[in-house]
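My plan is to look up a few things and jot down what I find.

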2 protein chains.
Amino acid sequence: MKKILMVIVDGLADRPIDGKTPLSVANKPNMDKIAAMGINGIMDTIAPGIRPGSDTGHLALLGYDPYKYYSGRGPIEAAGAGINIKPGDVAFRVNFGTVEGEGSIFDKVVVDRRAGRISDTDELVKAVCEGVRLDVEYIFRRGSGHRGALVLKGEGLSDKISDTDPHEIGAKVWRCKPLDDSEEAKRTAEIVNSFMEQSHRILDSHPLNVERAKKGLLKANVLLLRGAGMCPHIPPFEEKYGMKLAVVAGTTLIKGVGRIVKGDIIEVEGATGNKYTNLDGKIKAAIEALNTHDFVLLHIKATDELGHDGDFDGKREFIEKLDKAIEPLLSLDFSKVCMIFTADHSTPVMAKEHTADPVPIAIVHEGVRVDEVTTFSEFEAYKGGLCRIRGRDAINIALDLTDRAKKFGA
Amino acid sequence: MKKILMVIVDGLADRPIDGKTPLSVANKPNMDKIAAMGINGIMDTIAPGIRPGSDTGHLALLGYDPYKYYSGRGPIEAAGAGINIKPGDVAFRVNFGTVEGEGSIFDKVVVDRRAGRISDTDELVKAVCEGVRLDVEYIFRRGSGHRGALVLKGEGLSDKISDTDPHEIGAKVWRCKPLDDSEEAKRTAEIVNSFMEQSHRILDSHPLNVERAKKGLLKANVLLLRGAGMCPHIPPFEEKYGMKLAVVAGTTLIKGVGRIVKGDIIEVEGATGNKYTNLDGKIKAAIEALNTHDFVLLHIKATDELGHDGDFDGKREFIEKLDKAIEPLLSLDFSKVCMIFTADHSTPVMAKEHTADPVPIAIVHEGVRVDEVTTFSEFEAYKGGLCRIRGRDAINIALDLTDRAKKFGA
């Protein structure tokens with residue numbers, strides 16, 4: 001059977017500044033070869049004008065309707081952190097952050113939402129798990145960098161509660177509030193607030209934080225919760241498509257998308273999800289996974305971060321670095337592998353945020369109707385033979401090209 | 001009132017081999033004129049990546065959602081064979097095939113699924129209808145060539161049963177099995193198996209088959225059933241659109257689509273659905289039908305068969321023959337007639353099967369936004385003013401162009 005490789009470069013596309021984007025000005029001969037070898041188009045990952053998250057975008061690209069299957073960032077982050085969540089559990093995305101001030105945790109002000117981009121939180125997580133006592137069972141795990149996930153387990157819980165992360169610097173930590181009148185929401189909010197207070201007390205006086213403060217580093221003394229969600233009922237990828245899924249990704253969120261559809265996560269040494277990631281290792285791992293799996297999703301993250309940072313040159317430079325690294329993909333046997341090269345959304349340096357501007361997509365496989373597009377960019381892709389498609393179409397088109405699609409009708 | 005002519009060339013489009021398709025290399029000045037006179041685009045008959053059958057594809061092109069109205073091939077074949085099916089009836093597509101071996105029909109092996117492409121089955125059908133006795137009323141009719149349809153009539157039946165056609169040569173005939181636990185499915189499966197045994201006994205010893213065997217021809221000694229379906233509840237075309245529908249087609253399946261939406265089937269002498277069909281007669285009939293009907297569907301089949309056969313040159317030659325035959329269409333008064341020229345799906349000679357690769361579509365009518373496309377092919381259509389549309393859009397666009405569309409809103 002033929003295989004499918006989907007390469008998703010997070011936030012790759014831009015809005016032009018003076019008619020230029022990092023992608024359009026980058027020197028990227030390999031991406032351009034992919035455009036020239038394939039059929040091209042632009043893609044609305046969810047729908048025109050709908051700004052995708054990386055999680056909803058990836059769900060759509062795997063063929064799942066995010067309006068049906070997405071239930072917040074929490075469950076996906078938790079799955080990505082390796083927590084086995086069950087229906088009924090409530091999961092949260094967690095940031096280690098820094099607060100200053102006096103009084104209760106809810107009187108203190110957030111001075112950094114990433115605790116100075118702290119990298120190692122193992123000891124702190126351990127201390128929280130040993131010290132915090134709640135009315136329910138819970139699991140708290142670290143993710144990469146300042147990231148983590150919290151899962152409240154058991155019955156009688158609700159995800160209709162507010163965040164404790166105020167989402168901006170200089171604001172006080174929010175008290176968790178029930179968002180409906182249910183007893184479950186009220187109870188869950190109380191549990192969350194207790195978690196906030198206890199964990200802050202433990203973290204603020206933890207020797208590692210005392211030491212950080214001495215060194216002039218920001219304390220990682222608050223856990224900012226957001227994206228409360230209950231575990232979705234989602235059909236496993238293999239059940240849906242009859243294909244074994246492998247995900248090669250550095251970030252917890254994308255691993256989480258892979259895990260909630262029961263794909264295999266391929267761990268790669270040095271895959272960090274930032275611009276220093278082990279690109280060669282990830283690309284090698286993705287190619288190797290084509291031997292053991294039917295559908296391989298390779299996710300590259302740094303373009304998105306550089307877009308969020310508004311760093312035009314940094315984004316262009318990373319695209320050039322990535323372009324060199326993807327050279328081995330050009331030697332794949334495209335009579336046996338269908339490669340989709342695209343992005344999950346735009347993260348324009350001008351917007352510093354995800355936008356709904358459609359992304360370029362190129363599909364390479366024997367038998368595709370190769371078009372006249374020879375440059376992979378926002379300004380050329382729409383001239384190609386795919387015209388404008390949706391994110392959920394991409395996998396169906398690949399299934400058709402690889403003769404895995406079944407005829408509907410006679 | 002203005003009229004609409006939809007010309008559907010079955011399986012017309014391809015995947016390129018060395019950058020060429022039968023359509024792209026064919027000498028077809030008339031189709032190119034249609035492209036030049038009209039607005040062009042590509043069309044996903046059902047949706048991107050979804051491989052259409054000719055039945056589901058034609059339903060979509062007539063504006064019916066096949067996910068809502070399609071209930072298997074059986075009812076459409078039966079309608080096409082002229083059987084008046086009613087809700088509750090269970091219909092099957094039937095092939096005359098050839099089995100060899102000893103024992104019961106379910107011990108025998110299928111050596112040909114088309115009984116050597118037998119052409120005249122009138123006598124055999126008569127013998128089966130006279131000889132087979134079932135617990136229910138039934139109607140068995142021939143279609144074109146080796147094709148036929150069977151309808152079990154009455155109450156207490158189910159279409160949740162398996163095929164008896166094993167779908168491959170060298171396999172034993174399948175015993176019909178219930179696909180759910182209902183009494184209806186169990187009973188229907190038993191009736192089908194009895195039909196299989198009785199009809200085989202009658203056919204195997206029929207004088208015509210004895211004679212075929214003597215001549216070294218394959219016996220038409222089994223009836224292979226597939227596509228069990230119950231008659232769908234589908235609104236008549238005239239009720240849905242206020243237009244009288246005429247269908248000019250050689251094949252039972254497409255006549256069936258026309259019949260289930262209560263269109264008039266225009267019979268044309270020598271319209272066979274293969275490459276020897278009476279093209280001039282069909283085109284003349286379609287043009288004449290524009291005098292008596294509002295919407296005329298003209299279906300040309302052979303391109304699909306030649307695609308299934310993997311016959312590149314044969315497909316190109318037939319396209320050239322068709323191109324000559326359609327010349328009278330260019331003289332239509334396009335201030336009064338809107339012509340849609342397209343296909344129901346691709347049947348690439350490289351795939352020998354329907355694929356979801358989008359098909360070219362050209363729409364000619366006074367007032368369309370004529371674009372720069374002057375060649376009707378897979379490599380040019382997508383550059384046209386229609387961009388990429390869906391099958392169900394086509395009729396709505398024609399309704400709009402012919403001022404039959406009603407405004408939605410004020």
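This is a predicted model: local features need pLDDT of at least 70, side-chain atom pairs count only at pLDDT 80 or more; totals for chains, interfaces and linings use all residues.

**Entry 1: a strand pair**

Which residue is the bridge partner of Phe341(B) in E13(B)? I looked it up, and the partner is Ala362(B). Strand E12 of chain B covers residues 337–342 and strand E13 of chain B covers residues 359–364. The two run antiparallel, and three bridges join them.

**Entry 2: the sheet around that pair**

Next I wanted the whole sheet in chain B. I found an open sheet of eight strands with mixed pairing, in the order E10-E9-E11-E1-E12-E13-E2-E14. Its edge strands are E10 (264–266) and E14 (387–390) of chain B, each of which pairs on one side only. On average, neighbouring strands here are turned by 25° against each other, direction ignored.

Then I checked two helices against the strands. Helix H2 of chain B, residues 29–37, lies across strand E2 (39–44), E12 and E13 of chain B. Its direction is at about 65° to E13(B). Helix H11 of chain B, residues 279–292, packs on the sheet and touches E1 (3–9), E9 (245–248), E10, E11 (295–300) and E12 of chain B. I get about 170° between the directions of H11 and E11(B).

**Entry 3: two domains in chain A**

Domain 1 is 3–70 + 233–401, and domain 2 is 78–230. Their centres, taken over C-alpha atoms, are 32 Å apart. Seven residues of domain 1 and nine residues of domain 2 take part in the contact in chain A.

How much area do domain 1 of chain A and domain 2 of chain A bury between them? I read about 620 Å², with 52% of it on carbon and sulfur atoms. On the domain 1 side of chain A, Thr252(A), Arg259(A) and Glu305(A) lose the most area to domain 2, together 57% of what that side buries.

I also counted charged pairs here, and there is one salt bridge between the two domains of chain A. Arg147(A) and Glu305(A) meet in a salt bridge through their side chains, at 3.6 Å, N to O. Two residue pairs are in polar contact across this domain interface of chain A. Helix H10 of chain A, residues 252–260, gives the most to the domain 1 side, with five residues.

**Entry 4: chain B against chain A**

Now for the two chains. The contact takes 36 residues from chain B and 26 residues from chain A. Between them the chains bury about 2300 Å², 53% of it on carbon and sulfur atoms. Within chain B, Arg51(B), Tyr382(B) and Arg388(B) lose the most area to chain A, together 30% of what that side buries.

How many salt bridges are there between chain B and chain A? I count six. I also looked up the side chains of Lys383(B) and Glu372(A), which meet in a salt bridge at 2.5 Å, N to O. On the chain B side, E3 (51–52), H3 (54–61), H4 (66–69) and E14 each supply at least two residues.

Last, I searched the whole structure and found 58 salt bridges over all chains. I picked out Arg392(A) and Asp65(A), whose side chains meet in a salt bridge at 3.8 Å, N to O. Arg392(A) is in helix H14 (residues 391–401) of chain A and Asp65(A) is in the loop between helices H3 (54–61) and H4 (66–69) of chain A, so this pair ties together parts that are 327 residues apart in sequence.

Definitions and conventions. Residues are numbered from 1 along each chain as its sequence is written. Chains are lettered from A and ligands numbered from 1 in the order in which they are written. Side-chain values use heavy atoms; hydrogens and water are left out. Two strands pair if DSSP finds at least two bridges between them. Helices (H or I, at least four residues) and strands (E, at least two) are DSSP runs, numbered from the N terminus. Axes are lines fitted to C-alpha atoms, for helices over the stretch in contact, and angles run from 0 to 180 degrees between N-to-C directions. Contact means heavy atoms within 4.5 Å. Domain bounds come from an automatic or database domain assignment. Buried area is the accessible area (1.4 Å probe) that two parts lose on being put together, summed over both. A salt bridge is a side-chain nitrogen of Lys or Arg within 4 Å of a carboxyl oxygen of Asp or Glu. A polar contact is a pair of N or O atoms within 3.5 Å; within protein, one must be able to donate a hydrogen and the other to accept it, and residues adjacent in sequence count only if both atoms are side-chain atoms.
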